[in-house]
Amino acid sequence: MDAQHTPVLVEETVDWLAIKPDGFYVDATLGLGGHAVEIARRLGTGGRLLGLDRDASVLEIARERLREFGDKVTLVHVAFSQIGDVLNAREFPLADGVLADLGVSSMQLDLPERGFSFRARGPLDMRMDRETAETAEDIVNSAGEKQLADLLYQYGEERDSRRIARTILRARPIRDTEHLATVVAGARKQRGRQRLHPATKTFLALRIAVNREMEELGQFLSRVPATLRIGGRWVMLSYHSLEDRQVKQCFQQLAREGSLKILTKKVIQPSEAEISSNPRSRSAKMRVAEKIQNVTSVGRPAILNEKGWHQ
């Protein structure tokens, strides 16, 4: 497991979080706990770590990995967009650092039964939280042609979205991940040397749609500033342009309002050595900011209650 589930940019993450032994930190996308373990190792007796994840299966694996740290670590099965509700309900202090790694867990990708990958036959599932209702199969076999094409274009930035959608409708019912990958590959135009599998963008778009990832990210970005104390660090790891663009624009807007200072003028990316040892890290981009003021709108300081929450 350790070889296959290597956390991305782990040294850079803990360095930019500037971890204080008695600080309080939130890993908002816990996954298998790779980053969380390194954060917890740097905490003293007064330090605390809160881990959030909406996938109950990976949460249980992370729980075992973090067991050695005892009550320093609290784990909650919840979507990261609910970060503010969790801190408020459990009366945690404002955080000294918040981390969100937006990548899909290696376990989710590697288990065919989760349906995230086209590399092995599996059900068209793709749900991160398996308690939710809609699956990729529901979309693939039920969506109208225009709806499906728009989804592929918007979330996957797929130039052949209309042709793929039309071909999918003709091939229905789509039985599994392997069937879908074959149908998509047959529908796409060949444009020179293909670096990615022809179905990569289609699978990405479906995963984003099933898990409402862009909506969740938008809610998370809007709620994190209220959970950070002054001087608190905010580290974001993204893996495709839609995510990174939204993170970049959020940081820039908050910097203009005066609540954040952007610490990474250029995105941080994995070294060649890291990419060589962990190919899944190749598309990672890290952005880091620091909270410098409580602001609710441009130029107007926020009013906080005694717990540090916006009134």
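Analyst: Buried means under 20% relative accessible area, exposed means over 50%, and partly exposed lies in between, computed with a 1.4 Å probe on protein chains only. This is a predicted model, in which local features need pLDDT of at least 70 and side-chain atom pairs count only at pLDDT 80 or more, while totals for chains, interfaces and linings use all residues. Residues are numbered from 1 along each chain as its sequence is written, and side-chain values use heavy atoms, with hydrogens and water left out.

User: Which residues of α7 are buried?

Analyst: They are Leu148, Ala149, Leu151, Leu152, Tyr155 and Gly156. Helices (H or I, at least four residues) and strands (E, at least two) are DSSP runs, numbered from the N terminus; α7 covers residues 145-156.

User: What makes the buried residues of α7 line one face of the helix?

Analyst: The arc is taken from the directions that run from the helix axis to the C-beta atoms. Down the axis of α7, the buried residues fall within an arc of 160°, so they line one face. The face turned away from them carries the exposed residues Lys146, Gln147 and Tyr153.

User: Why is α7 called roughly perpendicular to α10?

Analyst: Axes are lines fitted to C-alpha atoms, for helices over the stretch in contact, and angles run from 0 to 180 degrees between N-to-C directions. Angles under 35 degrees count as roughly parallel, over 145 as roughly antiparallel, 65 to 115 as roughly perpendicular and the rest as oblique. The two helices pack at about 95°, with axes 8 Å apart, which makes α7 roughly perpendicular to α10.

User: How do you know whether Phe80 is buried or exposed?

Analyst: Phe80 has a relative accessibility of 11% and therefore counts as buried. Phe220, at 0%, is also buried.

User: Why does Thr74 count as buried?

Analyst: Thr74 is at 15% relative accessibility, so the term applies. This residue is found in strand β3 (residues 73-77).

Technical notes. The expected span of a helix is 1.5 Å times one less than its number of residues.
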